[in-house]
Amino acid sequence: VQLVESGGGFVQPGGSLRLSCAASGIIFSINGMGWYRQAPGKQRELVAGITSNATAYYADSVKGRFTISRDNAKNTVYLQMNVLKPEDTAVYYCNFYLDFRPRPPVNDYWGQGTQVTVSS
């Protein structure tokens, strides 16, 4: 299993970024996928998840600003992030998502992540 995140960067408050996660080594279409983030000194947290039938979950802190989507033909999950805030600054990761267990999974599939920095 390999999960490769991309799309992070530096953006001013109110700006937007689109993150991508390319998956390989799995049957992507049958798996729920999630975006997680970890800020310095904080625990990793679930930001958004999407089930195999495209039902989405969002943490309260990002509802209305972030949108998760998936393209099964490309084995890729996306996170569109709008109206970014300084508190969104973190390393963002993708991994599996289970709707009945909405928290970071315990496995060895965590990639390098992609850094998102929101600052003026």
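Strands (E, at least two residues) and helices (H or I, at least four residues) are DSSP runs, numbered from the N terminus. With that in hand, welcome to a predicted model, in which local features need pLDDT of at least 70, side-chain atom pairs count only at pLDDT 80 or more, and totals for chains, interfaces and linings use all residues. Residues are numbered from 1 along each chain as its sequence is written, and side-chain values use heavy atoms, with hydrogens and water left out.

**Overall fold**

- The protein has zero helices and ten strands, running β-β-β-β-β-β-β-β-β-β from the N terminus.
- Its radius of gyration, taken over C-alpha atoms, is 13 Å, close to the 14 Å that the globule rule (2.2 Å times the number of residues to the power 0.38) gives for 120 residues, so the protein is as compact as a globular protein of that length.
- Along the principal axes, the C-alpha trace spans about 40 × 25 × 25 Å.
- Of the contacts (heavy atoms within 4.5 Å) between residues at least 6 apart in sequence, 58% join residues at least 24 apart.

**Core**

- Buried residues (under 20% relative accessible area, against over 50% for exposed and in between for partly exposed, with a 1.4 Å probe and protein chains only) make up 42% of the 120 residues.
- A nonpolar core is a set of buried Ala, Val, Leu, Ile, Met, Phe, Trp, Tyr and Cys residues joined through side-chain atoms within 4.5 Å.
- The largest such core holds 29 residues, and Trp35, Val77, Leu79, Met81 and Tyr92 touch the most other members.
- Strands that give two or more residues to this core include E3 (17-24), E4 (33-38), E8 (76-81) and E9 (90-96).
- Beyond its neighbours within four places in sequence, Val77 is in contact with residues including Leu19, Cys21, Trp35, Ile50, Ile68 and Cys94.

**Thr76**

- Thr76 sits in strand E8 and counts as buried, at 8% relative accessibility.
- Setting aside neighbours within four places in sequence, Thr76 has contacts with Ser20, Cys21, Ala22, Phe28, Ser69, Arg70 and Asp71.
- Thr76 and Glu5 are 71 residues apart in sequence, yet 9.6 Å apart in space, C-alpha to C-alpha.

**Loops with positive phi**

- Most residues other than glycine have a negative phi.
- Val83, in the loop between E8 and E9, has a positive phi of about 45 degrees and is partly exposed, with a relative accessible area of 47%.
- Ala54, in the loop between E5 and strand E6 (56-58), has a phi near 70 degrees and is partly exposed at 48% relative accessibility.
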